[in-house]
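Colleague: I have a few minutes before group meeting. Can you put the model up and take some questions on it?

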There are 2 protein chains.
Amino acid sequence: MSHFSIAEARALAVGPEVDLAAIDPASTPGISGSSKDIEKATAKIEDEVADLQELLYANKRAGNDPGNVLIVLQGMDTSGKGGAVKHTLAGLDPQGIHIASFGVPTEEEKSHDFLWRVEKALPEAGVVGIFDRSHYEDVLVHRVHQLSSAEEIERRYQAIVDFEQRLVESGTRIIKVMLHISKEFQKENLIERLENPEKHWKYNPGDVNERQLWDDYQTAYEIAIQRTTTDQAPWYVVPSDNKPYARMVVKYLLLDALRSMDLHWPEADFDVAAELERVRNS
Amino acid sequence: MSHFSIAEARALAVGPEVDLAAIDPASTPGISGSSKDIEKATAKIEDEVADLQELLYANKRAGNDPGNVLIVLQGMDTSGKGGAVKHTLAGLDPQGIHIASFGVPTEEEKSHDFLWRVEKALPEAGVVGIFDRSHYEDVLVHRVHQLSSAEEIERRYQAIVDFEQRLVESGTRIIKVMLHISKEFQKENLIERLENPEKHWKYNPGDVNERQLWDDYQTAYEIAIQRTTTDQAPWYVVPSDNKPYARMVVKYLLLDALRSMDLHWPEADFDVAAELERVRNS
């Protein structure tokens, strides 16, 4: 069964009643979990995604304001954010892409409101932006480690909703994805990193400390998603123990966003026949 | 004959005596011009380039200073700079890539020395940077359109040599590529853009004005290359009427740079066995 479509990807959107524990990270809704089916369903849309991104970028270059796309990727360590970035953007024109990663805030970043560094990292018009972690760290980590008061975290949920609302109103399609993995899958991934010297650089002993707070993180994710999933900027909880499945879903969501922009090739703002004549005589 | 190798790519480096007119833009030194052979020679190194870039990026992430790579692409309109960016970076991890395009300078940029905006666009350690046009515009366009005095342009050649020397000394591998096309090939490309409405956005009537200054640009390129090709940051004049050939060459030059960095997987700065135990018990 390889008839995955945008409808199945959209069905992963969640509302404010979301119950993370009820979503099986190992499931592959809308398709069999076989890598062959997933590859086929991914390959089916790759050209269209690439063409639409070129069209989007062409509009930017032509001086239009076609809007843009922002993909926000969140997930526990080893949930596949880096791989999702790479695979989602494969085949796209790198000049029309903007990637931002958000690590522990610097001293300068901490001296500003938490959305300051996010604002600076937004994609411009005509560009597909992708966040590897995001402003959601500032409610997730802050809740789990009690780095902010409960009141401050409540303020932030609303600030995020308002911020994203403004982005949507100014022409951004926001795709918020939680790469939802199981605790057991994370363990396998961490062991794999440790057993392969070529993956040691991806491992950080702090990852295990965070892992010990697994349940707290799940709660923090659930509440953050409940508070910030909206009609215009919904959260998608994507089962991600099957990484190719998760990457495929992100690609379909990107396709959905690009299609919704109703893009057309920019009209020539010059006399085409006259220019052809000029070129031929040159 | 598909035995293209790094040696053939290096052979395209030019010295201060370079004579552009003597280099045939339609030639494909080191390989037959057949697309099959070129595809094969390109495919042969793609995995290694991707692996080495991952290794480079891994070192950055591990907090090492592995140096970086800067590819500077110059060429007349339609010489394939955008396509070279896309194809050179295909398959690489987008998080370890930095692209900068240099258009007409803004008022703010003009109020600084010409290298100011370039400095800001340099890739960080561990990253492969690519410039679509560069600081060379500030000697090429300025010479052709007499936007600067002859003295100022002479000053700039030397400033560029000093600037690039500093970059090399601080660990950057600089690959300077002129995508060398013929005037006839440019005509074909411009006509193709005009005949295809999906390519109109790539066309600018100003392109024909510049085309009318073709010989002046060739002279400006030749002098700029003569003045700035050095042992440590040589210019490569890459025949580019055959676009797949030119892209292949850039990929080989990138491979050469990456290999020269003598990269190794970062050592774990933690006790691997102890961490495995911690993960297994978590």
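Colleague: What am I looking at, and how is it numbered?

Modeller: This is a predicted model, in which local features need pLDDT of at least 70 and side-chain atom pairs count only at pLDDT 80 or more, while totals for chains, interfaces and linings use all residues. Residues are numbered from 1 along each chain as its sequence is written, chains are lettered from A and ligands numbered from 1 in the order in which they are written, and side-chain values use heavy atoms, with hydrogens and water left out.

Colleague: What is the strand order in the chain A sheet?

Modeller: β1-β6-β5-β2-β4-β3, six strands in an open sheet with mixed pairing. Strands (E, at least two residues) and helices (H or I, at least four) are DSSP runs numbered from the N terminus, and two strands pair if DSSP finds at least two bridges between them.

Colleague: Which strands are at the edges?

Modeller: In chain A, β1 (13-14) and β3 (97-101), each pairing on one side only.

Colleague: How do β5 and β6 of chain A run, parallel or antiparallel?

Modeller: Parallel, with five bridges joining β5 (residues 172-180) to β6 (residues 235-239) in chain A. Within that pair, A:M178 is opposite A:V237 of β6(A).

Colleague: Which strands does helix α3 of chain A touch?

Modeller: Helix α3 (residues 81-89) packs on the sheet against β2 (68-75), β3, β4 (128-132) and β5 of chain A. Contact here means heavy atoms within 4.5 Å. The direction of α3 makes about 165 degrees with that of β4(A); axes are lines fitted to C-alpha atoms, for helices over the stretch in contact, and angles run from 0 to 180 degrees between N-to-C directions.

Colleague: Pick a residue in that helix. Is A:A84 buried or exposed?

Modeller: A:A84, in α3 of chain A, is buried at a relative accessible area of 1%. Buried is under 20%, exposed over 50% and partly exposed in between, with a 1.4 Å probe and protein chains only. Beyond four places in sequence, A:A84 contacts A:L73, A:L179 and A:R247.

Colleague: Switching to chain B. What does its sheet look like?

Modeller: Chain B has an open sheet of six strands, ordered β1-β6-β5-β2-β4-β3, with mixed pairing. Its edges are β1 (13-14) and β3 (97-101) of chain B; each has a single partner strand, so one side of each has no neighbour in the sheet. β3(B) runs parallel to β4 (residues 128-132) of chain B through five bridges, and B:H98 is opposite B:G129 in β4(B).

Colleague: Where do helices α8(A) and α12(B) stand relative to each other?

Modeller: Helix α8 (residues 183-195) of chain A packs against α12 (residues 272-280) of chain B at about 170 degrees, their axes 10 Å apart. They are therefore roughly antiparallel; the classes are under 35 degrees roughly parallel, over 145 roughly antiparallel, 65 to 115 roughly perpendicular and the rest oblique. Residues in the contact include A:L190 and A:I191 from α8(A), and B:L276 and B:V279 from α12(B).
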